[in-house]
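Subject: Structure for your review

Dear colleague,

Please find the structure below, together with its sequence. My notes on what was found in it follow.

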Amino acid sequence: TKTYPSRTINYRPIPVPNSQAEAYPKMYAMYAAGTLGDNFAFDPSHWEFYRAVPQGLLRSIDDLVAQDKLDFTPWFSAFIDMQHYKGKMWGMPSWGWTGADGLHFNQVALDEVGLAAPDHNSPDWTMDKVREYAAKLQKKNGAQVARYGINLSLAAIGATIIARGYSSDILSADGTKMMLTDPKTLPAMQLISDITTADKVDSLPGSFQGAEAGLFGSGKLGIDMNGSLLVFQIDKAITDPKLAKLKSVLFPKRPDGKRPSQLRGGTWNINSKSKYVQEAWQFVKQLSSHDGILTMNTVGNEGALVRPDVLEDPYFTGNPNFMVFKENLANAILAIVPANARGTEYETVFSQSFAELYLAKSDFTTALQHI
């Protein structure tokens, strides 16, 4: 407003019942009708970025970056890389995190069974140990489960992390085929099967009042597989420290020294039909600035972790369980984009068919072949 006093910013939210992904169909229709705003977000990790670019909705910002000689060093490089597609840059980072790349332990449960929290820098911390901890933290009162050993992330985002823990993936590097039956991926799938169907210590079906944070806070969960985004939610859910106390750790390091992670993030874009390009560009820069990103966290309760300088704010540094994830933000492994860019369908179909494995609807080999 100071830069362009003659302009007025109109904020036009698109009401959706559940998630931002439900807004995209309307955004395509609004663009076709010429009513979509100058600034919007077709987020890479919702996969729509890879559809919107070829359809011409986004304006490239390469000339604007050059015009301002914009320095990208304030942002984590991986989130800047995410803004590129088909040889051009289409936006600036908004929200971002590194996926379900951690394990949130209930220290009260650990103390009860006489276990120390894992040291994620120790060579003794392995993927097999995850299963051991989950089994030991399971607690029953007769036939009833008093505490689940673990809550695994069993959608594509979680299966990817576990596969990457074995130096593999669930998608080929070019995004053209599933890798679940690949010899390097099989141990990851076996671990999931062992925890869910052999040991039966996973919190299946995984739907509870208050979701997983509420389950953790009530003392009914030993380990939650999730990332940095859940730290603050769990903290809010813990109302009785006698039932739960949070201790977050990362997954074990791989032989190549990397932690399993999956970069997830968003973008701020400019409408290719915008008549006010310079104004729209200034707004994108403001949204992606230190103050813009910090506000998105503190007021919007969002996981906007795309800038190292933001993470130095007391909002983050005052939470030791959150700071654990700073390591992965600086060394994130990129997500693999499905070759046909139909990521939404890919994740939906994966979630539906993967249940055949973790609910033991068929034998291990058959289940993997059907996904």
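I begin with Trp281. Leaving aside neighbours within four places in sequence, Trp281 is in contact (heavy atoms within 4.5 Å) with Ile61, Leu64, Val65, Gln67, Asp68, Leu70, Met92 and Ile270. Apart from the core described below lies another core, of 42 residues, which includes Ala134, Ala159, Leu191 and Phe354.

Please note that this is a predicted model, in which local features need pLDDT of at least 70 and side-chain atom pairs count only at pLDDT 80 or more, while totals for chains, interfaces and linings use all residues. Residues are numbered from 1 along each chain as its sequence is written, and side-chain values use heavy atoms, with hydrogens and water left out.

The largest nonpolar core has 46 residues, and Ile61, Met92 and Trp281 have the most contacts inside it. A nonpolar core here is a set of buried Ala, Val, Leu, Ile, Met, Phe, Trp, Tyr and Cys residues joined through side-chain atoms within 4.5 Å. Buried means under 20% relative accessible area, exposed over 50%, and partly exposed in between (1.4 Å probe, protein chains only). Among the elements that each supply at least two residues of this core are helix H3 (62-68), strand E4 (92-97) and helix H11 (277-287). Helices (H or I, at least four residues) and strands (E, at least two) are DSSP runs, numbered from the N terminus.

Next comes a sheet. Three strands form an open sheet in the order E8-E5-E9, with antiparallel pairing; two strands pair if DSSP finds at least two bridges between them. E8 and E9 stand at the edges with a single partner strand each, so one side of each is left without a neighbour in the sheet. Strand E5 (residues 102-106) is joined to E8 by 4 bridges and to strand E9 (residues 246-250) by 5 bridges. Leu103 has Met225 as its bridge partner in E8, and Gly102 has Leu250 in E9. In E5, 5 of its 5 residues are buried. Both faces of strand E8 (residues 223-226) are covered as well, with Ile223 and Met225 buried on one side and Asp224 and Asn226 on the other.

Finally, helix H16 (residues 343-358) deserves a look. Just after H16, Ala360 takes a positive phi of about 55 degrees.

With kind regards
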